[in-house]
Amino acid sequence: MGLPTGFLEIERKDRPYEKVEKRLKNWQEFVLPLPPAELSQQGARCMDCGIPFCHNGCPVNNLIPDWNELVRRDRWQAALEVLHSTNNFPEFTGRICPAPCEASCTLNIDDNPVTIKSIECGIVDRGWQEGWIVPLVPARKTGKRVAVVGSGPAGMACAQQLARAGHAVTLFEKSDRVGGLLRYGIPDFKMEKHLIDRRMRQMEQEGVEFRTGVEVGATLSIKSLLEGYDAVALTGGAEWPRDLEVPGRELSGIHFAMDFLTQQNKRVAGDDESRAAPKGTLTAKGKHVIVIGGGDTGSDCVGTSNRQGAASVTQLEVMPRPPDRENKELTWPDWPLKFRTSSSHEEGVDRDFAVLTKRAVGKDGKVTALECARIEWSKGAMKEIEGSRFELKADLVLLAMGFLGPRRPGMVEQSSVALDPRGNILANVKDYKTSVPKLFAAGDMRRGQSLVVWAIREGRQCARSIDETLMGSTTLPR
């Protein structure tokens, strides 16, 4: 390392945000990039720590100290090469990854980690600006055909790696556009969708064929894929949402978060209302919104509701409020459980913890309120506090309580593939092979709902296994 005392001499500085009142008026990204000179300084804070725990925290095994040092030395193109050696889409992770690498950083012992995520995003954004990122067309074709089903981050990474290995790859997507939850689950104010389109163009030039509007298991059978391709990768995600099983669930105005978020993303993409909301418009404008679920999807619902002009937004979480600061001695360098405030929370929301929804109250078939109760947790079990019930006014209730795994009807049932005890497709992380010959699985469809960075890792590793299975050996990295 060129500046081993940099962490002592340079203060941590991260990307700032546009002011709340300005960013709430549009759907654009509002994180303001740091100038290259400031990013170089931040790279210099990466200490010669002996054991880079950031490697443990990063699912794609990013070579973080290496590209931090290259940025410090103003060798941006070399830093980009190192970054791309482990991560196909750092412009995605540099925007929406929760950065477990920073939680694992040695400097996080005193809450002062290197701004790894901002440096990563700065490297790849500069790479696109400078024209350093070009299609990597294989020197030879293998003659093998591979189908990838699902165009989220796992499917995109898998398809790109296989195309670069020389295989003829077709990527099938049931929606009208490529990207999966990157496209329709993540709001544009967190990640604008031209970033996906740009990678899609690169992949097309590398040999990937995209087929949208094709639902495998419905419009196209899994049997025909297995007959027509040498290998098939299932990367369709975990799209089975956890439901709210309480009296009154049938009332109008209670919806899954993804139905709400997808509509708005389609509007931002330019779709008219008949295409964005064919089953009826969902909007928070002028409504009292309650979001059930305290995770990232719930946070996205909060930010979207505020931009649509909600009268009020309340977010409920069944778990107790985490501590403001984790116990470093017990958790570091693992991912800490602590109270987190997202950019959407800063824009306006009432948050409440250890709250259980008991029933939905309605009038004329429409939800008007939720009856809730406060609970206490003991040894992993919850107990309702006597006399703690209360009502919250609600015109729109959004369910953001996570996902139970892949949807069973259609492709999964048709494939007759074995499932694990959690209902995900059964395959290990060594070869990603399922119980059905020629059929592989990766990403959330295999591991359950997780992070974009985990999906990219699994897509890359699945591609390596497919290449090795088809060719007998592989040069693709794990």
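Modeller: Contact here means heavy atoms within 4.5 Å. The structure is a predicted model.

Biologist: With which residues is T115 in contact, leaving aside its neighbours within four places in sequence?

Modeller: T115 lies in the loop between α8 (100-104) and α9. Its relative accessible area is 0%, and T115 is therefore buried. Leaving aside neighbours within four places in sequence, the residues in contact with T115 are R12, K13, D14, Q42 and E102.

Biologist: Where around the axis of α6 do its buried residues lie, on the same side or on opposite sides?

Modeller: The buried residues of helix α6 (residues 76-84) are W76, A79, L80, V82 and L83. Because they cover an arc of only 165 degrees around the axis, they lie on the same side of α6.

Biologist: Against which helices do the buried residues of α6 pack?

Modeller: Helix α6 spans residues 76-84, with W76 and L80 among its buried residues. The helices against which the buried residues of α6 pack are α3 (36-43), α5 (64-72), α7 (90-96) and α9 (116-130).

Biologist: Which are the edge strands of the open sheet of five strands?

Modeller: The strands of this open sheet pair in parallel, in the order β6-β14-β7-β8-β9. From one strand to the next, the twist averages 20 degrees. An edge strand pairs on one side only, as do β6 (254-256) and β9 (350-353).

Biologist: What is the bridge partner of V289 in β14?

Modeller: Strands β7 (residues 288-292) and β14 (residues 396-399) run parallel and are joined by four bridges. In β14, the partner of V289 is L396.

Biologist: What angle does the direction of helix α16 make with that of β8?

Modeller: Helix α16 (residues 296-308) packs on the sheet and touches β7, β8 (312-317) and β14. The direction of α16 makes with that of β8 an angle of about 175 degrees.

Biologist: With which side chain does the side chain of E371 make a polar contact?

Modeller: E371 has its place in strand β11 (residues 366-378). With a relative accessible area of 12%, E371 falls under the 20% limit and is therefore buried. Residues in contact with E371 include L356, T357, F390 and E391. At 2.8 Å, the polar contact of its side chain is with the side chain of R359.

Biologist: What separates the C-alpha atoms of L244 and I123?

Modeller: L244 lies in the loop between β5 (240-241) and β6, and at 9% relative accessibility L244 counts as buried. Not counting residues up to four places away in sequence, L244 touches R249, I292, T357, L399 and M401. L244 and I123 are 121 residues apart along the chain, and the separation of their C-alpha atoms is 42 Å.

Notes:
Residues are numbered from 1 along each chain as its sequence is written. This is a predicted model: local features need pLDDT of at least 70, side-chain atom pairs count only at pLDDT 80 or more; totals for chains, interfaces and linings use all residues. Side-chain values use heavy atoms; hydrogens and water are left out. Buried means under 20% relative accessible area, exposed over 50%, partly exposed in between (1.4 Å probe, protein chains only). Helices (H or I, at least four residues) and strands (E, at least two) are DSSP runs, numbered from the N terminus. The arc is that of the directions from the helix axis to the C-beta atoms. Two strands pair if DSSP finds at least two bridges between them. Axes are lines fitted to C-alpha atoms, for helices over the stretch in contact, and angles run from 0 to 180 degrees between N-to-C directions. A polar contact is a pair of N or O atoms within 3.5 Å; within protein, one must be able to donate a hydrogen and the other to accept it, and residues adjacent in sequence count only if both atoms are side-chain atoms.
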